[in-house]
Amino acid sequence: MSTSVLFDAPGPKARRRHRMVAITGGLLLLVLLALVGRALHANGEFAGVKWSPFADWGTWRYYLLLGIWNTIKAAAAAVVLAMIFGFVFGVGRLSRNVVIRWVSGAIVEFFRAVPVLIMMIFFFGVFAYNQVFPAAWNPFAAVVTALTLYNGSVIAELVRSGVFGLPKGQAEAGLSIGLTPGQTLRNIQLPQAITAMLPALVSQLVVILKDTALGTIITYPELLQQAQNLASARSNVIPALLVAAAVFIAINYLLTWMAARLEARINRRGHTAGAAIGRAPTVPGAPVDQAHAAALTPNEARHDAAHAGPQDRV
C-alpha cells in the first residue's frame, strides 16, 4: 500500500466512507441552495424588473464598471507598495544587524496584528483631519495605505519564512565560493525562496483584491459600494450583490489562473542556486572543475572547450 509522508493512504473501506461523506455533503448543499432559492423566489428576487437594469449600459457605465475600475486601481497600487514594503522589511528581518532585524520585526508584527478595517478608518481620519490629500483622494489613500501595511507585513513574513525554509547547504555553498552573506542572500536564497513562496504570495494578492471591499466603510466607491448604490437606486439589493460577487469571483479566478501559468513557467525554466553562480574564467592548463562544468550552459561549455589547455582535452 502506498503511503504519504503525513498519513497512510486510505483503504477500500475508508475510500467508500469518504465517498459517502462527500455525496451526503453535496446533497445537503443542494437542498440548502434549493431552500434559499425558493425563499428568494417567494420574495420576488428573481422577477425580471429587478434583473433588467443589468441589461442597461448605463448601469454598467455609472455603477459597476466604475466600481471595478476603482477596485482594480486600489488593489494594483496596494500590490506594488506591499511588495516593496514586504521585500524591504523581509530582508530587514534577515539582516545580520541586530538593530535592523529588531526594528523590522517590530514593524512587521505590529501591522500584522492590527485589523485592516481599523487601519482604514484610522488613516482616513488622519488624512482628512490633517488635509494631507484633497478630500476626494482621502478614501483611496486610506484604503491603499491600510492594505499596503497589512499585506506588506504578511509578504515580509513570507520572505523570511521562505528563506529559512531552504536547505542550509544553499547558504553554505554560497559562502564556500567566496560570496558575502548579502550576496548569498540576494543571488542564491531569495530567488529560490520567491519561487517556493509564489503560491502563497498569489493567495495574498487575491486577499488584497477582496479586502478593497472594506473601503465601503469609508465611502470609497469600489465595487461593493457601487453595488450598494445601484441597489438603493433600483431597489434590487440581492441581484446587485449577486452580480458584484460574480464579478469578484471572475477577477480572482483570472488572477489565480495567471499566477498558475506564471508558476508553471518558472518551474519549467528552473531557478536554482546554480544559475546564480557566475562562470569563472578558464585558465589554460588548469584542471577541470566537474561541479562547475555541470552548471554550464551548452554555449559556455563550448567556450571553455575552445579555450582549454592541451591536458584539459585529454
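**Exercises on a predicted all-helix chain**

The model is predicted, so local features need pLDDT of at least 70 and side-chain atom pairs count only at pLDDT 80 or more, while totals for chains, interfaces and linings use all residues. Residues are numbered from 1 along each chain as its sequence is written, and side-chain values use heavy atoms, without hydrogens and water.

**Exercise 1.** Find where pLDDT stays under 50.

Solution. 
- Start with the chain: the mean pLDDT is 79, and 78% of residues reach 70 or more.
- Residues 271-296 stay under 50, with 31 contacts (heavy atoms within 4.5 Å) beyond four places in sequence.
- Residues 309-314 are also below 50.
- Where pLDDT is low, the predicted coordinates should not be read in detail.

**Exercise 2.** Describe the largest nonpolar core.

Solution. 
- A nonpolar core is a set of buried (under 20% relative accessible area, 1.4 Å probe, protein chains only) Ala, Val, Leu, Ile, Met, Phe, Trp, Tyr and Cys residues joined through side-chain atoms within 4.5 Å.
- The largest has 37 residues; Met119, Met120, Val143, Leu147 and Ile208 touch the most other members.
- Helices supplying at least two residues each include H3 (57-93), H5 and H6 (138-164).
- H6 gives the largest share, 12 residues.
- Beyond four places in sequence, Leu147 touches residues including Ala78, Met120 and Ile208.

Notes: pLDDT = per-residue confidence, 0-100. Buried < 20%, exposed > 50% of the residue type's maximum accessible area, 1.4 Å probe, protein only. Helix = DSSP H or I, 4+ residues; strand = E, 2+ residues; numbered from the N terminus.
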